[in-house]
Amino acid sequence: MSTEIRVRFAPSPTGPLHIGGVRTALYNYLFARKHGGKMLLRIEDTDQNRFVPGAEDYIVEALKWVGIEIDEGLTAGGPHAPYRQSERKAIYREYAERLVSEGKAYYAFDTSEELDAMRKRMEEANAPAAQYNSITRLQMKNSLTLKPAEVTALMESDSPYVIRLKVPRKEDVRLNDLIRGWVVVHSSQIDDKVLLKSDGMPTYHLANIVDDHLMGITHVIRGEEWLPSAPLHVLLYRFLGWESTMPQFAHLPLLLKPDGNGKLSKRDADLGGFPVFPLEWKDPFSDTVARGFREDGYLPEALVNFLAFLGWNPGTEQEMFTMDELIQAFSLEQINKAGARFDIQKAKWFNHEYLRQQPNEQLAEAIVSQAAADGIDCTPEKAAKIAGLLKERVNFASEIYAESAIFFREPQQYDPAIVAAKWNDEAVRALTALKDALTSVEDPLTVDLAKTTLATATAAAGVKQGKIMQALRLAITGVGAGPDLMITLEIIGKQDAIDRLQKALNEL
């Protein structure tokens, strides 16, 4: 593209970052990197009543964990600092006052009681929408209906006021969205939004327009929930004289519940038993803890891959992408308009696939520490073998140790169904021969040695090997199914195998 691409992620620090926000940040990041552009992080904290301590740090940590690098903004600095909107109040007032002086906005002195009365009148008149607009503003207390002297007197007496946008009465507002195409809204559907609140803080509508312009944002990639506000933003760009440099808009599809019916919420996640936040969040007011993908055992690469496919499709059969591959493949043109169903089973599948790629030695570290916590001595070498055997069978690294009890403790009980079906005279004869054969083995037990020893023992006992395999597994593990039995024998070692065979022969 001819000019440098500049995108921004601009969350509000009102609590933990929703997973939908992570996807928005990811799409912005992929787009910027694809075109050699810049990724900005800006904090939109104009609503100080909703500010939650710790939320800002949480946002920064979450983006870092999933691998989204910030080029400019909070944590990175840059030429357009500060990057918190609460620290830019004077800038916004300047532009709000300019709009008033040019007749494109006005002062409104209405009290909450007067606003409630207006809405009640509108409802009684069966108006389609009870809003402050080009019609109702003429019946209200503002600088359009009051005499200049009255306005001056109210302001000099420090009467509370807001600044509202003066929306044209009859005009089509057009927006060419990069995902949805042309969006046309008649100005009668747009109310006179507040731009500057009575406490001097801007609303999102004014602040994000001013900041995007001053920070040179070229593309605004954000959630579908902001689409109804887009025509208002187009009007603001026009009124401020910035329409020719207005960024291009792309409104992303909603994240839907797992069944596809409605927008995904935290309640849906709680009911479904899965997280909806990237990291665990402890509410500073209630001390309640919300689950996080990281703490639930998801790998960041898996979560990124999963999120990328929630609304975007590469147009190929490929499903596993590194971040660099996603950057090369990504395009806004391949984002769907329809909402994306949040299929947590697919997230688990991605995590399973990425877990399989993890080095056994890396996974072994957790096994060693978890075993030590249970008073079990496990060498890194043994832990690496366990990881290599079990990582194919689980979705999360934490499940490896949970599934590894058979490698540390002999069976305390035996599956009665397998006992009834498979424990017979042939099994006893063959397993006795195997125990005796193992006793005479001098070398450390390996997979190959276990196989040859078993073959020799069953042949000597006159039993077909296939007939006693479940009985052998029963003696070693207590159950009739599980991971590769020869690898299991190598991991537990010769003496443990002998002891388990003897225990089963004695008890069964």
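# Chatting through a predicted model

Q: New to this one. How do helix H13 and helix H19 pack, and at what angle?
A: This is a predicted model, and in it H13 (residues 380-390) packs on H19 (residues 485-492) at an angle of about 165 degrees, with the two axes 10 Å apart.

Q: So what does that make them, roughly parallel or roughly antiparallel?
A: Roughly antiparallel, because angles over 145 degrees count that way.

Q: And which residues make that contact?
A: From H13 you have Lys-382, Lys-385, Ile-386 and Leu-389. H19 brings Ile-487, Thr-488, Glu-490 and Ile-491.

Q: How does that contact split by class?
A: Between H13 and H19 there are four nonpolar residues, three charged and one polar.

Q: Left-handed or right-handed crossing for H13 and H19?
A: Left-handed.

Q: OK, what about H17 and H19, what's the angle there?
A: About 110 degrees, with the axes of H17 (residues 447-461) and H19 lying 8 Å apart. That makes H17 roughly perpendicular to H19, since 65 to 115 degrees is the range for that label.

Q: Which way does H17 pass H19, left-handed or right-handed?
A: The crossing of H17 with H19 is right-handed.

Q: Which residues meet there?
A: On the H17 side, Val-447, Ala-450, Lys-451 and Leu-454. They meet Met-486, Ile-487, Leu-489 and Glu-490 in H19.

Q: How many residues of each class are in the H17 contact with H19?
A: Six nonpolar, two charged and no polar.

Q: Next pair: how do H16 and H20 cross?
A: Helix H16 (residues 425-439) and helix H20 (residues 494-507) cross at roughly 150 degrees, and their axes come within 10 Å. That makes H16 roughly antiparallel to H20, and H16 passes H20 in a left-handed crossing.

Q: Which residues make that one?
A: H16 gives Val-428, Leu-431, Thr-432, Leu-434, Lys-435, Leu-438 and Thr-439. From H20 come Lys-494, Ala-497, Ile-498, Leu-501, Gln-502 and Leu-505. By class, that's eight nonpolar, three polar and two charged residues for H16 with H20.

Q: Switching topic. What volume does the largest pocket have?
A: About 980 Å³.

Q: How many residues line the largest pocket, and which lie nearest its centre?
A: There are 35 lining residues, and Ala-10, Pro-11, Ser-12, Glu-225 and Trp-226 lie nearest the centre of the pocket.

Q: Which helices and strands supply at least two residues of that lining?
A: Strand S1 (6-9), helix H1 (19-34) and strand S9 (219-223) each do. H1 has the largest share, with four residues.

Q: What's the lining of the largest pocket like by class?
A: It divides into 15 nonpolar, 10 polar and 10 charged residues.

Q: What is Lys-337 in contact with, leaving aside its neighbours within four places in sequence?
A: Ile-179, Arg-180, Glu-224 and Pro-253.

Q: And how far apart are Lys-337 and Gly-262?
A: They're 75 residues apart in sequence and 15 Å apart in space, C-alpha to C-alpha.

Q: Last topic, the backbone. Is the peptide bond from Ala-81 to Pro-82 cis or trans?
A: Cis, with omega near 0 degrees. Pro-82 lies in the loop between strand S3 (72-73) and helix H3 (89-101).

Q: What about Thr-75, where does that lie?
A: Thr-75 is in the loop between S3 and H3 as well.

Q: And what's phi of Thr-75?
A: Near 80 degrees, which is a positive value in a residue other than glycine.

Methods: Residues numbered from 1 in each chain as written. Predicted model: local features only at pLDDT ≥ 70, side-chain atom pairs only at ≥ 80, totals over all residues. Heavy atoms only, no water. 1 Å grid on protein atoms, 1.4 Å probe; cavity = no way out; pocket = protein on both sides within 12 Å on 5 of 7 lines; lining within 4 Å. Points joined across faces, edges and corners; volume = space filled by probe spheres on them. Nonpolar A, V, L, I, M, F, W, Y, C, P; charged D, E, K, R; others polar. Axes fitted to C-alpha atoms, helices over the stretch in contact; angles between N-to-C directions. Parallel < 35°, antiparallel > 145°, perpendicular 65-115°, else oblique. Left-handed = near helix turned anticlockwise from the far one by under 90°. Contact = heavy atoms within 4.5 Å.
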